[in-house]
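Dear colleague,

I am handing over the structure we talked about, and it is placed directly below.

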Amino acid sequence: MSTHGYESGRLNLPFVGIATFAKRRYIEDWSAIEADIAILGAPFDFGTQWRAGARFGPRAVREASTLFAFGHAGAYDHEDDCTYLPGSVRMIDMGDADIVHTDTVTSHANIEVGVRAALAAGALPVVIGGDHSVNIPCINAFDDQGDIHILQIDAHLDFVDERHGVRFGHGNPMRRAAEKPYVTGLTQVGIRNVSSTAKEGYDDARAMGADILSVRQARALGPTALAERIPAGARVYVTLDIDAFCPSIAPGTGTPSHGGFLYYDVLELLQQVAKRHEIVGIDLVEVSPDHDPSGSTAILAAQVLLNFLGFIFHARGFR
């Protein structure tokens with residue numbers, strides 16, 4: 001007897017119903033989360049230095065994710081000969097953190113509350129931004145979770161300390177993370193070309209434990225050797241800026257940078273990391289749907305997230 005779920009119930013096509021992430025259940029009461037994966041929107045883009053619009057990223061990625069939510073349990077991958085994200089993996093959507101316009105401190109604090117709620121429930125927090133500054137409250141929430149290593153996949157180093165008094169914008173998150181005693185190191189992949197961080201920022205990053213690789217260096221290594229650069233046994237938090245991808249496939253972002261990764265460059269790296277390490281948290285940021293006329297960037301973001309989550313829970317024994 002087939003168990004894929006086509007035999008009974010509603011067809012529930014992607015364009016029908018409310019667009020929660022992957023059309024999973026919405027949980028408004030954050031004290032009542034019972035899940036393995038908790039999706040949190042962080043629609044904040046006051047940290048941007050050029051094009052705004054990433055505040056609409058969570059909504060766009062959620063809508064795009066319905067393309068991959070046909071109502072049956074799991075997704076069969078014929079290349080790997082396995083079913084990812086079977087029905088035994090409990091995934092819920094927490095909705096969005098409350099954002100207070102023009103108030104970075106309060107908005108970031110509200111995002112941190114959401115991540116802490118997911119962690120308290122034993123769920124893997126998956127935050128959809130928003131600009132990259134939302135990573136700052138995400139990492140703050142891990143202050144009682146033990147040591148973590150950060151894998152950043154991004155076009156930009158984001159290691160500015162302070163510029164004209166700004167310490168919590170989207171150019172600062174990796175610097176703020178490196179300052180945490182529980183962040184044991186950073187692997188920064190995809191960094192390329194003209195950067196928002198000056199040379200001294202690169203020097204500081206390396207002095208504070210960062211391993212920095214460009215797209216060309218990453219491709220020369222390949223996904224397996226690249227994943228092996230992360231210290232063995234490290235518990236890994238992954239932060240993925242959509243501008244890590246080439247704007248030919250991901251135009252919908254505020255700071256596009258040509259020469260970026262293609263889909264399988266990133267997917268194969270994430271698969272290798274999921275096999276080797278415990279993944280403790282994820283954020284995906286900088287999707288800006290106003291600059292994404294075909295919707296392809298949001299679809300890419302949703303597809304990468306769902307595949308990565310499949311790899312993580314397959315490695316945890318969910319079949």
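This is a predicted model: local features need pLDDT of at least 70, side-chain atom pairs count only at pLDDT 80 or more; totals for chains, interfaces and linings use all residues.

Residues are numbered from 1 along each chain as its sequence is written, and side-chain values use heavy atoms, with hydrogens and water left out.

Helices and strands here are DSSP runs numbered from the N terminus, helices being H or I with at least four residues and strands being E with at least two. Helix α8 covers residues 263–276, which is 14 residues, and spans 21 Å from its first C-alpha to its last, close to the 20 Å expected at 1.5 Å a residue; the expected span is 1.5 Å times one less than the number of residues. Helix α9, residues 296–315, has 20 residues and reaches 28 Å between its first and last C-alpha, close to the expected 28 Å.

Burial is given by relative accessible area, where buried means under 20%, exposed over 50%, and partly exposed in between, computed with a 1.4 Å probe and protein chains only. By that scale α9 is mostly covered, with 14 of its 20 residues buried, and the buried residues of α8 include Tyr263, Leu267, Leu270 and Ala274. After α9 comes Gly317, which has a positive phi near 100°.

The axes of α8 and α9 come within 9 Å and cross at roughly 20°, axes being lines fitted to C-alpha atoms, for helices over the stretch in contact, with angles from 0 to 180 degrees between N-to-C directions. That angle makes α8 roughly parallel to α9, given that angles under 35 degrees count as roughly parallel, over 145 as roughly antiparallel, 65 to 115 as roughly perpendicular and the rest as oblique. On the α8 side the contact is made by Tyr263, Leu267, Leu270, Gln271 and Ala274, and on the α9 side by Leu300, Gln303, Val304, Asn307, Phe308, Phe311, Ile312 and Ala315, where contact means heavy atoms within 4.5 Å. By class this contact has 10 nonpolar, three polar and no charged residues; Ala, Val, Leu, Ile, Met, Phe, Trp, Tyr, Cys and Pro count as nonpolar, Asp, Glu, Lys and Arg as charged, and the others, Gly among them, as polar.

Another residue of α8 is Gln272, which counts as buried because its relative accessibility is 14%. Leaving aside residues up to four places away in sequence, Gln272 touches Pro223, Thr224 and Ala227.

**Helix α1 against α9**

Helix α1, residues 57–65, is also mostly covered, with seven of its nine residues buried. These are Gly57, Pro58, Ala60, Val61, Arg62, Ala64 and Ser65, and they pack against β2, β5 (91–96), β6 and α9.

With α9, helix α1 packs at an angle of about 70°, the two axes being 8 Å apart, and α1 is therefore roughly perpendicular to α9. Ala60, Val61, Ala64 and Ser65 of α1 meet Ala298, Ile299, Ala301, Ala302 and Leu306 of α9, a contact with eight nonpolar, one polar and no charged residues.

**Backbone points to check**

Most residues other than glycine have a negative phi, and most peptide bonds are trans. Against that background, Ala22 has a positive phi near 55° and Lys23 one near 60°. The peptide bond from Gly129 to Gly130 is cis, with omega near 20°, and Gly130 is placed in the loop between β6 (124–129) and α3 (135–140).

Pro14, in the segment before β1, is 52 residues from Thr66 in sequence and 4.9 Å from it in space, C-alpha to C-alpha. Ala32 lies in the loop between β1 and β2 (37–42) and is partly exposed at 41% relative accessibility; its C-alpha is separated by 9.3 Å from that of Ala117, 85 residues away along the chain.

With best wishes
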